[in-house]
Amino acid sequence: MLIVGISGSPKHEKSNTQFLLSKTLEAAAQTYSETDTEPIETLLINISDYDLRHCTGCDTCVRKKPCPQSELDAMHTLEEKLREADAIIISAPSYFTSVPGVLKDFIDRSRAMKMLNHQLKDKVFGAITYAGLRYGGQEHVIDVLNRYALGQGMIVVGSLGNPVRDGTFGSGSLQTDDGNWRSAANDELAIEGSVLLGQRVVNVARRIKHQGAKQ
Ligand SMILES: Cc1cc2nc3c(=O)[nH]c(=O)nc-3n(C[C@H](O)[C@H](O)[C@H](O)COP(=O)(O)O)c2cc1C
């Protein structure tokens with residue numbers, strides 16, 4: 001089983017969302033099952049390590065032909081990794097309450113994967129976000145990512161933990177309730193939400209894999 005995490009922040013190792021994504025992937029790799037002993041591999045992709053051109057809106061993919069931009073950049077490398085994945089988790093900071101441009105380029109360019117035979121269909125999907133402000137657009141970023149996944153035919157899941165403590169996704173803010181500042185590494189609830197997401201993604205991906213094997 002392969003779980004691919006895509007970090008949508010341009011900040012690499014200094015990124016709060018990438019930190020949370022790494023916690024999600026760690027938890028995913030350690031999600032124990034008595035009945036399924038297949039090893040869980042994880043792969044963290046930093047989207048800004050890839051040279052991605054903008055979608056030009058040429059609609060070549062709608063005519064079921066390969067994207068002309070993919071001959072000129074690194075999109076095909078990403079596509080190969082995503083095709084192999086059983087589950088995909090995307091992390092993104094809130095940039096004006098939406099996702100950073102580098103990630104949006106990837107989202108738009110992946111349209112070819114949808115048009116050419118729904119290549120991401122039935123992969124399990126989870127989203128993570130972090131924002132500067134306590135109310136900094138976190139819900140909207142998650143909504144953008146989840147709707148993207150739905151458009152690709154993926155199976156969207158959230159964190160599933162203590163119903164009176166844990167939220168439905170890995171999320172938080174640099175700003176604390178009393179107006180001070182922290183990093184995601186000091187945000188207990190954000191870490192817990194991200195860990196729970198990793199576990200949930202694996203548990204659902206296992207069910208889907210076994211179901212597929214029965215058919
Ligand atoms: C261009 C830009 C736009 C931002 N817009 C918002 C915003 O709308 N709301 C907010 O709370 N924080 C905003 N932030 C702050 C980031 O969401 C915050 O620093 C976050 O932790 C960055 O995540 P990262 O460390 O994973 O990159 C913005 C930051 C940048 C660089």
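**Strand S4 and its surroundings**

Modeller: Strand S4, residues 124–130, is joined to S5 by two bridges, and the two strands run parallel. Here a strand is a DSSP run of type E with at least two residues, a helix is a run of type H or I with at least four, and both are numbered from the N terminus. Two strands are said to pair if DSSP finds at least two bridges between them. Facing Val156 of S5 is Phe125.

Before going further, please note that this is a predicted model, in which local features need pLDDT of at least 70 and side-chain atom pairs count only at pLDDT 80 or more, while totals for chains, interfaces and linings use all residues. Residue numbers start from 1 along each chain, as its sequence is written.

S4 also pairs with S3, again in the parallel sense, and here there are seven bridges. Two positions show how the strands lie against each other: Val124 of S4 is the bridge partner of Ala87, and Gly126 of S4 stands opposite Ile89.

How many residues of S4 are buried? A residue is buried if 20 or more other C-beta atoms, placed from the backbone, lie within 10 Å of its own; it is exposed if there are 12 or fewer, and partly exposed in between. By this rule seven of the seven residues of S4 are buried, so the strand is largely enclosed by the rest of the structure. In a regular strand the side chains alternate between the two faces of the sheet. In S4, Val124, Gly126, Ile128 and Tyr130 lie on one side, Phe125, Ala127 and Thr129 lie on the other, and both faces are covered.

Ala87 of S3 has Ile3 opposite it.

The pairings can now be placed in the whole sheet. Five strands form an open sheet with parallel pairing, in the order S2-S1-S3-S4-S5. Strand S2 (41–46) and strand S5 (155–156) stand at the edges with a single partner strand each, so one side of each has no neighbour in the sheet.

Asp122 lies between helix H4 (111–115) and S4. Its phi is near 70°, a positive value in a residue other than glycine. Asp122 is partly exposed, with 15 other C-beta atoms within 10 Å. His12, in the loop between S1 and H1, is not a glycine either, yet has a positive phi of about 50°. His12 counts as exposed, because it has 11 C-beta neighbours inside 10 Å.

Helix H1, residues 16–29, supplies three residues to the shell around the ligand, the largest share. A residue belongs to this shell if its C-beta atom, placed from the backbone, lies within 6 Å of the molecule. There are 18 such residues, and Ser9, Thr17, Pro93, Gly132 and Gly136 come nearest to the ligand. Thr17 is also among the buried residues of H1, a helix in which 11 of the 14 residues are buried.

Finally, consider the chain as a whole. It has six helices and five strands, which follow one another as β-α-β-α-β-α-α-β-α-β-α. The radius of gyration is 17 Å, close to the 17 Å that the globule rule gives for 215 residues, so the chain is as compact as a globular protein of that length. This radius is taken over C-alpha atoms, and the rule is 2.2 Å times the number of residues to the power 0.38. Of the 215 residues, 44% count as buried. The C-alpha trace spans about 55 × 45 × 25 Å along its principal axes.
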